[in-house]
Amino acid sequence: MMSNRLLLAITLTMLGLFSYAQDTTRFQGLFHDAKVSGYWRNYYMGTINRDSLTDFYTLSTGGKLKLESGTYKGFSFGVSYFTSIFTGIGNQDIIDPTTGAANRYELGNYDINDPNNHEIHLLGEAYLRYQRKGWTLDVGRFGRKTTMLNGQDGRMIPSLFQGIWLSNKSKGKWSGEAAILNAIAPRSTSRWFSIGRSFQYPQGRNVDGSPSDYQGNIASDFIAIGRIQYKPVKGLQLSVLNYYVDNVFNTTISEVRYARKGDQWNTEVGFKQIHQFKVNDGGNADQTKTYFFHDQSNIFEMELIAKRNDYTFRLAGTRITDDGRFLFPRAWGREFLYTFQKRERSEGFGDQWNFLGVVAKDWSLKNGDKVSASLGHGYYLRPNPTEAELNKYGIPANSQTDLDIFYHFGNALRGLQIEFLVVYKQGLNEDDYLFNPRFVHQKVDMLNYQIIMNYKF
């Protein structure tokens, strides 16, 4: 983990610049152009489970406050504070008496390592930044959004990262980024962890069906990230993104996308291939405590997007081969596969087929408000939940329907946004799971709903 001395030095440097700026005009650019931003969030979530299995609900509130300085000779800094204060309304800490299991979704809005801790306070960002000619260098703590490692903004506090991040966003044909990370604050936690200790929830099962026991037992000091993007001609984009997780695994994502604007329809097609391989023992020489079991895993996927006026149509398919489980710690971010849907993941599975169709529409209202809605239906065909080798979490094959509606206020209420999400998951073959309620509870034959009110400023 980045030493406390280095983090203290960054923070003291920021404070020192602020103090010095009070008595000199030399650094006026840093503070004359400084801005404060953030949000306040109220989050209600509930799950209705099958038959007598326990239903859950919870209400949370919290927010973010961020200070970003202006720029002086290319240098700037940022600091943000996150908090999640829980009202105590809900039954998220109840254990279902039939299965003996805790809930799967609502608990994620609490401190996952201490569910009785109903308040989280976190120094989420504290970074120094240098920018020059399209290049940006960040050092410290920051948020990022990449295909697998991102803030996954579906809980009260996002995942955040610590290290050094260099990126180039020039308007030329080539762009890219490189990073070294040595600590992560996983979503729904109240502190920072070294890379090895950030392998946390959910652990699932080993390939032999025994409970996984890798939390706190993974030896890994850093994550190295590299991405190259090339746009040879108009509309065509080629990219390669690589994550090297020290002593555990390597993941390479190769993607080709082509977009075309027509008189009536805008279309886009994408092809993606993901290849993973184990590094050393996958995290621990003791295979009962390791993370990455198989030598490799492979994913192939395709999507087609068509847009006309305010409508968007999308079709996508994903194939995870039977070479091994696709693995990437869920605490590090959403997996932005083409067939990703909210409240569902493909991580932990092998020999799986995914199919997804989505239709979305935007409305601009006369009063200045805007509404966007999407309806998606997907199929996730995976091995029987009893087959632990390629089904880490014991989830049956299922279909999923998502209805996601955003209402964006305008004019005097600009910045206020309300999201309403309903997710229904239905098992595709009851003979595969009804004999064991642990394969049902908060996995299939369930409805999850949420109402989120965000005020961004």
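I classed the lining of the largest cavity as eight nonpolar, one polar and three charged residues (nonpolar: Ala, Val, Leu, Ile, Met, Phe, Trp, Tyr, Cys and Pro; charged: Asp, Glu, Lys and Arg; polar: the others, Gly among them). The model is predicted, so I note that local features need pLDDT of at least 70 and side-chain atom pairs pLDDT 80 or more, while totals for chains, interfaces and linings use all residues. Residues are numbered from 1 along each chain as its sequence is written, and side-chain values use heavy atoms, without hydrogens and water.

I searched the whole structure and found two cavities of 30 Å³ or more (on a 1 Å grid over the protein atoms alone, points where a 1.4 Å probe fits but cannot get out; a pocket is an open set with protein on both sides within 12 Å along at least five of seven lines; lining residues have an atom within 4 Å of a point). The volume is the space filled by probe spheres set on the points, which are joined across faces, edges and corners.

The largest cavity holds about 50 Å³; its lining includes Tyr201, Pro202, Arg330 and Tyr393. The second largest cavity holds about 40 Å³, and Glu335, Phe340 and Tyr380 are among its lining residues. I counted three nonpolar, four polar and three charged residues there.

I then looked up the second largest pocket, with a volume of about 1200 Å³. Of its 38 lining residues, Asn103, Arg104, Pro202, Gln203 and Tyr393 lie nearest its centre. By class, I recorded 12 nonpolar, 13 polar and 13 charged residues in this pocket lining.
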